[in-house]
Structures are given as C-alpha cells and as structure tokens.
Amino acid sequence: MAMLEVTNLTTYYKTRMNEKICSVDKVSFSLEDGKSLGIAGESGCGKSTLAMSVMGYYFPPLYYESGSIAIDGKDITTLDPDVIRQTVLGTDIAYIPQAAMNALNPTRKIMRFIEDVLKAHGFGLSKKEMRDLAEERFSILNLPAKVLDQYAVELSGGMKQRTVIAISTILSPKVLIADEPSSALDVSSQKIVIRLLHDLMEKGFVRSLLFITHELPLLFNVTDDIMVMYAGEIVERGAAKEMVFDPLMPYSKGLMNSIIVPEEGTRGHVLQAIPGAPPNLKIRPEGCRFSERCQYLKVCGAKDQRGMVEDRDAGPGRLYRCRLEEARLRELYRQQEEDAKKFPLVSHTFVDEEIAAAGTKAEAGL
Ligand SMILES: Nc1ncnc2c1ncn2[C@@H]1O[C@H](COP(=O)(O)OP(=O)(O)OP(=O)(O)O)[C@@H](O)[C@H]1O
Ligand SMILES: [Mg+2]
C-alpha cells in the first residue's frame, strides 16, 4: 500500500509583484510502505518546493492550487494548518529542510529542541520521561547521549546533521523527507548520514523515505527508486539502477552524462554539460519544458511544442515524459555513442590515464 500518495499536486509562489511561480505543476507519485525514493534535478527545478508542498502545510509565499496528498490512506489536503501542525507534522510526515543543521538556535541545548517537539504534540510526558526517550533513541542510533546537553555550536557538521535527523524523527514519522541532508558534508560524514537514514528505516522509526539531492550518484545505492524533476514536473521515474545506468528521458540522460558514478564501467565516461538553462516558471511553460535544451528536438516530430506531453510507460514502475518512443530514444542514444567513439571529444573526455599522466607531470614539475 502507498504510504504517500500525491495526485496532480500544483502549488505556486506568489511574489511581491503578484507574479505566480508554478514550481510544482500537476505532480503525481506514490511512495510505498518501507521504500525510499530519491528526487534529483538541477538547482531550481522545484525539489524543495515539492517537499514542502507534500506536507500540506502552506504559508506565504507558497500556496496550494490543486491536487491531493494522502498519507497512509489519510487525505491531508484539505486539513486546517493548525490541525496539520498538531496531528500530521512529526508523526505522519517529518521534513528536514535544506541547511536545517545551520538553523539550530545556538542558545539552546539539544535536549530543549526534543522537549519542544514532544510538548508540541501534547504527549504530557514528564521531564524525566522525555530525557529517557531521547537517550534511548540516541543510543539505538549510535549517537552519544552527551550531545543532548550540548549546544549546536559545539557539534561538528556531521554530528549536527545527525542530531537534526534524530530530533526530526523522534516521533517516528511514517514518511521522512530529507532535503539535501548530506550536501554540505564531507564524503565520510555523508556516508554516516546515509547510514543513519537506513538505520531509521530498518529499525522502524521511519517507514518511508523521500531523499532529495541534486547529486544523482548519491541516490544510487541509497534509495530504491529515483524520480527526476525538471521545471516543476516529474519527467522520469524508475528503479535507482535503471535511472542511473539507463535513463530514458533526454533530460535524465543529460543529467547522468554530467556526473561520474563511482562504479565499474564508468572509466572513460564522457562528461557533458546540459547546454542552456531551465525555463522561467513565471510564464507557465506549455508542452515539453525541456524542448529548448533538447538535442533531439528535430527528430521529435511535434510541429507545435505546446501540445501536452504524455507520460510513457516503460515497464513496471518506470515512467518517462517525452514525445519519443522508447525504441526511438534508445536508437538515438546508440547512434550518439557510436559517433562519440568515432569522434572523441578529448576536452570533454574523462579518462583515468589522462589524470594519472597529469598527476605524474605535476609531480615531475612539468
Ligand atoms: N520563496 C520563494 N519565492 C518565490 N519563488 C521561489 C521561492 N523559493 C523558490 N522559488 C522558486 O521556485 C523554483 C523552485 O525552487 P526550489 O527551491 O524548490 O528548487 P530546488 O530544486 O530545491 O533547488 P536547489 O537544488 O537549489 O535546492 C525556483 O524557480 C525558485 O526560484
Ligand atoms: Mg532545494
């Protein structure tokens, strides 16, 4: 059963100039119980807005327009904000905002944040009971209990982020949304944070996870599925491995070509940037939002790009939004790979030997 079911959700920002920025446009997806889903996409494509929108808790400048959100079968779309705050946030769904670890009030000890969360939900626990609960949770998650008596400024970046995650999940939410929880950390701290998220799921403190990052390689091995977002829309979804090694929609393909996956078989991977920039969402783009940047526009066959683009089914759990059929896309990609072999772009080619040679030259002072 779906733990989170989002159907045709549309939300927008209203600017001071009264302009409408449609950052989440008719988005539909579901997240099954016990599963994790990654959301990837360039900066500004709407990942954080989608995260805030699925909590059903809106405040200016973000507004709800249409669509529905259900958590574990409960429709939260039309609930009053006060009801959402008291009965949904923290228990049904918890959100760790982007850069949350830098937003901890420096004048309060960690235990105070936990007390606030528990008190806000009216559990009526005594101070001792709250302390016991916090210590137990921290110990199960391999976090030192002494952190509870420390101030945020006394903690390292990695420990601060893990603490934020522990505080946000103290009420064992059904759905956890972690927005770029590891982007600001070094690689080993990133791994520890990801381990913690897995632990939370394994131990049943979090039932389903929505993990947001603009770094696609991070999602590989972290989430079961990956969704790619572009200009406020979901343009592709599939199992993590398929999405990383066999993307279909040209934007996902471009995103993959612009990164290195730490896996065998990526040696000699040609790194390419996606030319251009995402469309301006102040004027709601019609039709294919990627068309201006798409290198396959000429073969796509649509005379008028404004027509609606349907989602295409590409096997179980796999969807992509493009006018081109799967077989045609695969043929185009195959052709492109063959051309790349014939005419290698040396300046764009990431070859281990070249780096090794550069290193050797540098060491030799050349
Ligand atoms: N408070 C706001 N007021 C108006 N527009 C906003 C506001 N916050 C975000 N936007 C716009 O909404 C769009 C989506 O932004 P969002 O922050 O959701 O993107 P993102 O995918 O999370 O990016 P990043 O990877 O940089 O975190 C962008 O065009 C952005 O300019
Ligand atoms: Mg964001």
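1. In this predicted model, helix 5 passes helix 6 in a right-handed crossing, where a crossing counts as right-handed if the near helix is turned clockwise from the far one by less than a right angle, and as left-handed if anticlockwise. The contact draws on Gly157, Gly158, Gln161, Arg162 and Ile165 of helix 5 and on Ser189, Ile192, Val193 and Leu196 of helix 6, two residues being in contact if their C-beta atoms, placed from the backbone, lie within 7 Å. By class, this contact has four nonpolar, four polar and one charged residues; Ala, Val, Leu, Ile, Met, Phe, Trp, Tyr, Cys and Pro count as nonpolar, Asp, Glu, Lys and Arg as charged, and the others, Gly among them, as polar.

2. The axes of helix 5 (residues 157–168) and helix 6 (residues 187–202) come within 9 Å and cross at roughly 15°, which makes helix 5 roughly parallel to helix 6. Axes here are lines fitted to C-alpha atoms, for helices over the stretch in contact, with angles running from 0 to 180 degrees between N-to-C directions; angles under 35 degrees count as roughly parallel, over 145 as roughly antiparallel, 65 to 115 as roughly perpendicular and the rest as oblique.

3. On conventions, residues are numbered from 1 along each chain as its sequence is written, while chains are lettered from A and ligands numbered from 1 in the order in which they are written. Since the model is predicted, local features need pLDDT of at least 70 and side-chain atom pairs count only at pLDDT 80 or more, whereas totals for chains, interfaces and linings use all residues.

4. The secondary structure of the chain comes to 11 helices and 12 strands, where helices (H or I, at least four residues) and strands (E, at least two) are DSSP runs numbered from the N terminus. Of the 366 residues in the chain, 36% are buried; a residue is buried if 20 or more other C-beta atoms lie within 10 Å of its own, exposed if 12 or fewer, and partly exposed in between, with C-beta atoms placed from the backbone. Among contacts between residues at least 6 apart in sequence, 65% join residues at least 24 apart.

5. How many of the 12 residues of helix 5 are buried? The count is 10 of the 12, so helix 5 is largely enclosed by the rest of the structure. The buried residues include Lys160 and Arg162 as well as Val164, Ile165 and Ile167, and what covers the buried residues of helix 5 includes strand 6 (93–96), helix 3 (110–120), helix 4 (127–140) and helix 6. The length of helix 5 also agrees with expectation, because its 12 residues should span 16 Å at 1.5 Å a residue and its end C-alpha atoms are 17 Å apart; the expected span is 1.5 Å times one less than the number of residues.

6. Helix 3 and helix 4, both among the elements covering helix 5, pack at an angle of about 110° with their axes 10 Å apart, which makes helix 3 roughly perpendicular to helix 4. Their crossing is right-handed, and in it Met111, Ile114, Glu115 and Leu118 of helix 3 meet Met130, Arg131 and Ala134 of helix 4. By class, the contact of helix 3 with helix 4 has five nonpolar, no polar and two charged residues.

7. The loop between helix 4 and helix 5 holds leucine 141 and asparagine 142. Leucine 141 is partly exposed, with 18 other C-beta atoms within 10 Å, and, leaving aside neighbours within four places in sequence, leucine 141 is in contact with Ala166, Leu196 and Asp199. The C-alpha atoms of leucine 141 and lysine 203, 62 residues apart along the chain, are separated by 9.2 Å. Asparagine 142 counts as exposed because it has 11 C-beta neighbours inside 10 Å.

8. Some backbone geometry deserves a look. Most residues other than glycine have a negative phi, and most peptide bonds are trans. Phi of asparagine 142 is near 60°, and that of serine 172, in the loop between helix 5 and strand 7 (175–179), is near 50°. A cis peptide bond joins proline 60 and proline 61, with omega about 10°, and proline 61 lies in the loop between helix 1 (47–53) and strand 4 (62–71).
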